[in-house]
Amino acid sequence: MYRLISLILLALGSLVPAPLLADGQGEYQSPETFLSNSFPEGVPEADVIWLRGEVREGVESILGHRYPSLRIRYWRKEDRSAWILEEIGKEQPITTGILIEAGEIEALRVLIFRESRGWEVKYDFFTDQFDDARLTEDNKLDRHIDNISGATLSVRALTKLARLALYLHQHVQQ
Amino acid sequence: MSRHHRRHQRFKLKSLYVWHRYIGLSAAVFVVILAVTGLLLNHTERFAFDSRHVQSGWLLDWYGIQAPETSESFAVGEAYITLFGKHLYHNLHEIEGDYEDLIGALRSGELLIVAVDQSILLLMTDGELVERLGGTEGVPSGMRRIGKDADGGIVVEGGHAFYQPDADFIDWHHWEGDPAAVDWVKATTLPEPLYAELIDHYRGEVLPIERVLLDLHSGRIFGRYGYLIMDIAAVLLILLALSGTLIWMKRRRP
């Protein structure tokens with residue numbers, strides 16, 4: 001009897017339209033949690049980098065447009081820095097946390113996703129591609145990032161943010 | 001073919017031609033609208049019809065687009081920060097985002113400090129966004145008002161206490177001073193000329209041209225049953241094609 005009920009429930013569940021099961025909007029991790037995880041020994045005081053002059057040009061060349069604010073906040077301890085950046089996927093910004101150490105991406109996490117499509121980028125199978133990524137001399141990543149069908153714009157946005165974080169990390173280390 | 005039969009055939013052809021002409025005349029205006037709007041919609045991206053907006057007052061009136069009834073403004077030096085509906089403006093420049101509650105705004109040195117909803121926006125004096133601060137950046141929750149103490153430092157009344165940021169808005173600490181001694185910002189009335197400009201500006205940012213083209217194309221611009229007009233025009237166009245084809249076929253017969 002129990003097995004029959006389980007089978008019926010399983011069959012009914014499979015009839016639910018995919019979008020209802022796969023709504024990817026929401027906050028996956030708070031920025032505070034991301035920072036705590038990035039600096040387990042204690043989150044350092046924040047600092048800011050102003051997007052002016054050469055830095056502004058570099059940011060615009062990476063993103064293809066101006067960053068929506070004139071300064072960006074970051075948290076740094078020695079050669080480890082954490083960035084919480086946003087870039088628009090299709091229509092809404094994706095809030096992303098990026099941890100960098102010794103010029104390489106230590107972790108990239110999607111913190112807040114606001115659109116109904118493209119949320120597959122939140123999974124480790126995608127974000128793990130950025131682990132240990134470095135910036136080349138022409139401000140590109142040193143590797144190819146595999147696309148996810150149906151999430152191209154989200155993939156593109158996160159790739160830009162990864163490059164941006166590495167670029168800004170270089171500047172704050174100088 | 002007998003003379004009688006040929007005369008009958010000519011009569012039928014002439015009737016068909018007359019019908020073709022009257023159908024064409026009846027549908028002409030609507031067919032032109034269908035064709036022109038269809039052509040333009042095919043090039044929406046090229047002409048940016050989805051991001052350009054209607055400025056025409058009568059068309060905005062037709063759509064019932066009015067400015068919000070309420071607005072709230074704070075003077076910041078020579079400029080004004082205004083919440084108009086859910087839109088926040090520095091003078092006439094809209095600050096991106098949707099907002100509900102403008103708590104206050106003031107100028108501190110070269111920065112404009114805007115407390116809105118659960119955030120503080122730092123702006124340059126020309127309205128360009130410096131940074132958007134939220135809880136992660138230490139902004140107190142439940143902000144009620146913002147002002148300056150006797151030393152010119154920013155004070156924010158939060159849900160349970162008073163807080164003060166450092167000069168760069170990096171760090172926040174409890175403020176233990178006398179709230180009665182704080183110059184809390186107060187809302188002000190927007191000067192009439194700026195208010196009128198803001199209304200025009202607001203209305204001119206609401207209705208995309210693409211929307212109007214789509215409504216014209218479908219007939220919905222003519223009201224609730226306007227789509228029937230275009231349905232009829234489409235049927236007339238079909239009849240026009242059929243009658244034209246029949247005329248052509250009959251003329252081809254020896």
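Visitor: How many salt bridges are there between chain A and chain B, and what makes a pair of side chains count as one?

Guide: In this predicted model, the count between chain A and chain B is four salt bridges. A pair counts when a side-chain nitrogen of Lys or Arg lies within 4 Å of a carboxyl oxygen of Asp or Glu.

Visitor: Why is the meeting of Arg73(A) and Glu131(B) called a salt bridge?

Guide: The side chains of Arg73(A) and Glu131(B) come together at 2.8 Å, N to O, and because the limit for a nitrogen of Arg and a carboxyl oxygen of Glu is 4 Å, the pair is called a salt bridge. Across the interface of chain A and chain B there are also 10 residue pairs in polar contact, with both residues at pLDDT 80 or more.

Visitor: Which elements of chain A give two or more residues to the side that touches chain B?

Guide: They are helix H3 (31-38), strand E2 (46-50) and strand E3 (71-77) of chain A, and E2(A) gives the most, with four residues. By class, that side of chain A has eight nonpolar, one polar and seven charged residues.

Visitor: What is the area buried between chain A and chain B, and which residues of chain A lose the most?

Guide: The buried area is about 1200 Å², of which carbon and sulfur atoms give 52%. In chain A, the residues that lose the most area to chain B are Leu70(A), Arg71(A) and Arg73(A), which together make up 48% of what that side buries. The contact itself takes 16 residues from chain A and 13 residues from chain B.

Visitor: What makes the space lined by Leu51(A) and Glu128(B), among others, a cavity?

Guide: It is called a cavity because a 1.4 Å probe fits there but cannot get out. The search of the whole structure finds one cavity of 30 Å³ or more, and the largest cavity has a volume of about 60 Å³. Its lining includes Arg56(A), Tyr67(A) and Leu70(A) as well as Glu128(B), and by class that lining has four nonpolar, one polar and four charged residues.

Visitor: How much space lies in the largest pocket, and which residues are closest to its centre?

Guide: About 1600 Å³ of space lies in the largest pocket, and of the 46 residues that line it, Pro68(A), Glu86(A), Pro93(A), Leu129(B) and Arg132(B) are the closest to its centre. The largest share of the lining, five residues, comes from E4(A).

Visitor: How do the residues of that lining divide by class?

Guide: The lining of the largest pocket divides into 17 nonpolar, 12 polar and 17 charged residues.

Definitions and conventions
Residues are numbered from 1 along each chain as its sequence is written. Chains are lettered from A and ligands numbered from 1 in the order in which they are written. This is a predicted model: local features need pLDDT of at least 70, side-chain atom pairs count only at pLDDT 80 or more; totals for chains, interfaces and linings use all residues. Side-chain values use heavy atoms; hydrogens and water are left out. Contact means heavy atoms within 4.5 Å. Buried area is the accessible area (1.4 Å probe) that two parts lose on being put together, summed over both. A polar contact is a pair of N or O atoms within 3.5 Å; within protein, one must be able to donate a hydrogen and the other to accept it, and residues adjacent in sequence count only if both atoms are side-chain atoms. Ala, Val, Leu, Ile, Met, Phe, Trp, Tyr, Cys and Pro count as nonpolar, Asp, Glu, Lys and Arg as charged, and the others, Gly among them, as polar. On a 1 Å grid over the protein atoms alone, a cavity is a set of points where a 1.4 Å probe fits but cannot get out, and a pocket is an open set with protein on both sides within 12 Å along at least five of seven lines; lining residues have an atom within 4 Å of a point. Grid points are joined across faces, edges and corners, and a volume is the space filled by probe spheres set on the points.
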